[in-house]
Amino acid sequence: MMESHRIPRASRMGMWLFLFTEILLFGGLFLVYAVYRRANAEAFHISSGELSLKFGAINTVILLTSSLTMVLAVSALERGLVGRCLKFLAGTAGLGLLFLGNKAVEWSAKFAHGLYPGNPILEARPAGEKLFFSLYFAMTGLHGVHVLVGIAVIAASAMLVRRAQASGGVHVLELYGGVVENTGLYWHLVDTIWIFLFPLFYLIS
Amino acid sequence: MVAEPGWGEGHEGDSRRAPAGASERGLVALWAALLALTALTIFVSRLDIGHWRAVCAITIASTKAALVVAIYMRLKDEDRAFKYMFCAALFTMAVILGLTFVDVAFR
């Protein structure tokens, strides 16, 4: 039976402090969204109907599932199951890539219809609809960058775990349990932000 | 293949002490609940209930977020300092939102 080795409290606290700054970063954008939506309810309503609910819902399922695989990776490492942890980390990163792939397809469809800031087709539309699409690209774009960073961090921590395992492996948990756990915290926050983005953009039509 | 989770033996040192690898079944059950809430929020968004749709969407999203933060991010198992800090961040956000709405509403 494996004993639990958690990272020092200070390390987790440092991660949480960073996550609070992320909450405020996205919080500012949610604030802008709320104020403009209030002033342009009808335009937001119409524009939202042009987004693909199917893509939004599938990406929600993908991210929620990736949070599960992430937490299972942390759980596996805590029980000393390094191979199992690596598999779940790979699965999490894979789901992240799938999310971004969907996002790319979804954005491409919007680009094809000229629905991006600066395009004459969108510029000819009412101000509220321009605002909606600008916010849509800004917020899902910033979120997508976070997903991309999350994938890179997951890959890096998986490589550390793997290297430690290859070189003997008995202290993998002591060495990198904290790295994996903090990576998980970041990944779950990115998932949490999407939990709010999804209804605000896809479900208000 | 899968070892039994260690239910809390031998955790000295660190104060936080969720069992190592708190029941995987629970983690999977939470995932199922999150998917169910997603289905619910899509369903509610199609109902003709006026501004209650937005209220429902935000309430369901907040519920999902709270579950992720409490269980997947293990905030419920952290000591009080973490919880106070988290509340302080939410409070800051609430003040910013609140003051802005008051400003915008009475311009």
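1. A residue counts as buried if 20 or more other C-beta atoms lie within 10 Å of its own, as exposed if 12 or fewer do, and as partly exposed in between. Keep that cut-off at hand for Ile46(A): it has 16 other C-beta atoms within 10 Å, so it is partly exposed. Ile46(A) sits in helix 2 of chain A, which runs over residues 41-48. From Ile46(A) to His143(A) is 97 residues along the chain, and their C-alpha atoms are separated by 23 Å.

2. Before going further, remember that this is a predicted model. For the complex, the predictor gives an ipTM of 0.91 and a pTM of 0.89.

3. Now chain A as a whole. It has seven helices and zero strands, and the pattern along the sequence reads α-α-α-α-α-α-α. The C-alpha trace of chain A spans about 65 × 30 × 25 Å along its principal axes. Of its 205 residues, 44% are buried. If you take the contacts in chain A between residues at least 6 apart in sequence, 77% of them join residues at least 24 apart.

4. How confident is the predictor about chain A? The average pLDDT of chain A is 92, and 96% of the residues score at least 70. Helix 4 of chain A has the highest confidence, at 97, while helix 5 (residues 120-123) of chain A has the lowest, at a mean of 90. Residues 1-5 of chain A are another matter: there the pLDDT is below 50, although this stretch has 16 contacts in the model beyond near neighbours in sequence. Where pLDDT is low, the predicted coordinates should not be read in detail.

5. Tyr33(A) is in helix 1 (residues 9-39) of chain A and counts as buried because it has 21 C-beta neighbours inside 10 Å. Leaving aside neighbours within four places in sequence, Tyr33(A) is in contact with Leu135(A), Met139(A) and Leu200(A). Leu185(A) is 152 residues from Tyr33(A) along the chain, with 26 Å between their C-alpha atoms. Gly101(A), by contrast, is exposed, since 12 other C-beta atoms lie within 10 Å of it. You'll find Gly101(A) in helix 4 (residues 82-112) of chain A. Between Gly101(A) and Arg37(A) there are 28 Å in space, C-alpha to C-alpha, for 64 residues in sequence.

6. On to chain B, which has three helices and zero strands in the order α-α-α. Of its 107 residues, 18% count as buried. Among the contacts in chain B with a separation of 6 or more, 35% come from residues 24 or more positions apart. Chain B is split into domain 1 (22-73) and domain 2 (78-107), and the centres of these two domains, taken over C-alpha atoms, are 22 Å apart.

7. Arg74(B) lies in the loop between helix 2 and helix 3 (80-105) of chain B. Is Arg74(B) buried or exposed? Arg74(B) is buried, because 21 other C-beta atoms lie within 10 Å.

8. Finally, a place where the two chains meet. Helix 7 (residues 172-202) of chain A packs against helix 2 (residues 52-72) of chain B at an angle of about 175°, and their axes are 9 Å apart. Angles over 145 degrees count as roughly antiparallel, so that is how helix 7 of chain A and helix 2 of chain B run relative to each other. On the chain A side, the contact residues in helix 7 are His188(A), Asp191(A), Thr192(A), Ile195(A), Phe196(A) and Pro199(A). They meet Ala57(B), Ala61(B), Lys64(B), Ala65(B), Val68(B), Val69(B) and Tyr72(B) in helix 2 of chain B. The residues of this contact divide into nine nonpolar, two polar and two charged.

How values were computed
Residues are numbered from 1 along each chain as its sequence is written. Chains are lettered from A and ligands numbered from 1 in the order in which they are written. This is a predicted model: local features need pLDDT of at least 70, side-chain atom pairs count only at pLDDT 80 or more; totals for chains, interfaces and linings use all residues. Helices (H or I, at least four residues) and strands (E, at least two) are DSSP runs, numbered from the N terminus. Domain bounds come from an automatic or database domain assignment. Axes are lines fitted to C-alpha atoms, for helices over the stretch in contact, and angles run from 0 to 180 degrees between N-to-C directions. Angles under 35 degrees count as roughly parallel, over 145 as roughly antiparallel, 65 to 115 as roughly perpendicular and the rest as oblique. Two residues are in contact if their C-beta atoms, placed from the backbone, lie within 7 Å. Ala, Val, Leu, Ile, Met, Phe, Trp, Tyr, Cys and Pro count as nonpolar, Asp, Glu, Lys and Arg as charged, and the others, Gly among them, as polar. pLDDT is the predictor's confidence in each residue, from 0 to 100.
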